[in-house]
Amino acid sequence: MPGEEGKPTLPRCWEVKQCGATECPLYENPGVACWLVDNTFCEGKNRPFENRFLMTCSRCPVYLEVRKRADGRRIADKAILATFDRMLNNLYSYHISIKETNRILGQKIARLRSVQEISEAILGPYKLEQVLYMVLTALTAGEGFGFNRAFLFLVNNTGEFLTGKMAVGPCDHEEAMRIWGRFSKEKRPLKELMRTWDKTWLESKINKTVNLISFPLNSQDNVLVQSLMENRIINVPDVSSDKRAWPVAEGLKTDAFAVLPLVKDQRRIGVVVVDNFVTRVPIADEDLESIAPFTSFAAIAIHTAALNDQLRSQLKDLDKAHKRLRSQRQIIARSQQLAQMGRLSADLAHEIRNPMTLIGGFARLLVQKLPATGELHDKAQIIADEVSRLEQLLNDALKMTRDETPRYEPENINFIIMETLNLIASECEEKSIRVVKNLADDLPLMLLDRQKLKEVLINLLQNAIQSMPDGGTITVSSVRQDGNVQIAISDTGIGIKESEKEFIFNPFYTSSPGGTGLGLPLANRIVEAMSGNISMESKVGQGSTFRVTLPIRKAETEKVTPLANLPPRGMSVV
Amino acid sequence: MTTVLVVDDDAALRMLYEEELSNEGWEVTLAGSGEEAVRLIAERRPDIIVLDIRMEGLDGLETLQKIMTSDKSIPVILNTAYSSYKDDFRTWAADAYIVKSSDLSELKTTVRKILEEKNVT
């Protein structure tokens, strides 16, 4: 269109666009190309020229009108215009694709950020079960990765099986609707959802199902094992076409799923299986890729939590051991107290011995001096007898408090038995007791405390004698048994009642009127100190058998006899 | 006549021993302390000594040592309420170690045995 004064003018943009912006610098100014002017009132007025022209002005009717008028004059003009148009179009499409890429990048960054957030949330001083639950919740929550269900399998302790540990998700459509309805109403943030761990969850049906599933790690045709061994994500969009997926599909009742390996530093921890069993939305490979950073984080968290659990239980054990130690220390302190008391009572006992010697001694003198038929004689006799009994009690009690550490010398047990039998020979004869010896002739020399063993045998023999007030037979035998020598002392006496059997080794327990109740416990203590043991069989009316079993310990080398064990000059210790 | 020296710081016990041992036909000399015993041994030279260990002043073991250095030929029987002295190597120098008891037969038997061995009648 020719201009008013014969010069060609540009279209009046304010009229074409009917913008009515009278303040616009272009208003009533038709001699200027509007797209070249900054600060117009058009859309995008503040953007730089290149941007504004590409996105807005190149599509504006004002420009298109000018473009039309410019067309068709000369071939050269046409060619340049066509080139310009094409470049403009290319530029426009580039711009659009950059914008789209930006949008996708933005999404990915957001996703990554949320993955990072979720990942950080599962790192903490949690128990293994808690961590497993958090991982599975992150995979299934709408705000997380949004799968319908997730199952976790871990390699067991022996490294032989991949075992179902935990699952999160509904077990059927109905439950799905119920759970998801509740979640969408509550709108709880993911991090909070992840912390809703509750042990009762393990009792849910889906958990019980997954707990029953276990695959051997050496099976070649299992998709879970394959994913773990090759450390790669496997997507199974259609179970029917993949045989390796059948056992999993059958166990989890699913027809499409994906497997994500949990591997940390070459350490195979387990796998996660996800599916969209209710919504049937196909699982995209890209989605799985974006989860990969999360699963490697989960592997670390699970590994750490398992180690933590182990550490916790070890700490608990340690604590227990510490408590035991403390109580044992108390016991030791107590026994030290007792030992102290033992020393005190030993001193006391010695102090008592002098007056007792006096009382008993004079009573005996009286017994000798008084006429045997008199009443006083009998009374003095009673005093003398009672003092004797007290003295015996005192001697036995002192032996109890004495150090029972044995002093070993190479000895032949049979000699010790013979020696001991000689000591009681006259007493046996007096009481019409026959002694039968049945001693093995193949006994080795063994390390023994002669004096202590004699004490043991005397106590057992005295016991046998006391059980046969009307005479009888004592049979003493020795026999070699594997690494032990066993001495048996049998009597034909009154026997020990069933109800008394458990008490006979208790100090001060006695069933015979003359006994002090210290003989058997003392014998027991000595034999235990020699690493042996005493056992007993008895039948009322038939007699008792005591068996002393002692381990054969041989002298390793010819030892120099310690000074303390040398016998004194011509001394007979009684 | 065979003489037995009884050394004990308890007068009542000395009385008991005197009576009991005299009944055996021995002449009994008494000493109430280690010092007195040493003096009496030098004066009368007994055939055998029955020596208590725990005494005020010179105790039995010190007395035994003095006896050993002056006259080794007199046999000594240690006679004490304490069995624990047996572990003291000094007691090995004695001919016997007897724990006191109201029944003196053990003491008497030991005295008799030692005297027989030494051919003192």
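Analyst: Let's start with salt bridges: a search over all chains of this predicted model turns up 34 of them in the whole structure. One sits inside chain A, where Arg69(A) pairs with Glu65(A) and the closest N and O atoms are 3.5 Å apart. Both of these residues belong to helix α3 of chain A, which covers residues 61-70. Arg69(A) and Glu65(A) are four residues apart there, or about one turn of the helix.

Now for the part you asked about. Between chain B and chain A, the count is three salt bridges. Take Lys369(A) as an example: its partner across the boundary is Glu19(B), and their closest N and O atoms are 2.2 Å apart. There are also seven residue pairs in polar contact between chain B and chain A, counting pairs with both residues at pLDDT 80 or more.

Which pieces of chain B do the touching? Helix α1 (11-23), strand β5 (96-99) and helix α4 (105-117) of chain B each bring at least two residues to the side that touches chain A. The top contributor is α1(B), with eight residues. If you sort that side of chain B by class, you get 14 nonpolar, six polar and 10 charged residues.

Next, how much is involved? On the chain B side 30 residues are in contact, and they meet 27 residues of chain A. Three residues stand out: Leu16(B), Trp92(B) and Ser102(B) supply 26% of the area that chain B buries against chain A, more than any other three residues.

For a contrast, here's a contact within chain A. Two packed helices are described by the angle between their axes and the distance between the axes. Helix α14 (residues 450-466) and helix α15 (residues 519-529) of chain A pack at about 145°, with axes 9 Å apart. The crossing of α14(A) past α15(A) is left-handed. Among the residues making this contact are Val456(A) and Leu460(A) from α14(A), along with Leu522(A) and Ile526(A) from α15(A). By class, the residues of this helix contact come out as seven nonpolar, three polar and two charged.

Technical notes. Residues numbered from 1 in each chain as written. Chains lettered and ligands numbered in written order. Predicted model: local features only at pLDDT ≥ 70, side-chain atom pairs only at ≥ 80, totals over all residues. Heavy atoms only, no water. Contact = heavy atoms within 4.5 Å. Buried area = accessible area lost by both parts, 1.4 Å probe. Salt bridge = Lys/Arg side-chain N within 4 Å of Asp/Glu carboxyl O. Polar contact = N/O pair within 3.5 Å; in protein donor to acceptor, adjacent residues only side chain to side chain. Nonpolar A, V, L, I, M, F, W, Y, C, P; charged D, E, K, R; others polar. Axes fitted to C-alpha atoms, helices over the stretch in contact; angles between N-to-C directions. Left-handed = near helix turned anticlockwise from the far one by under 90°.
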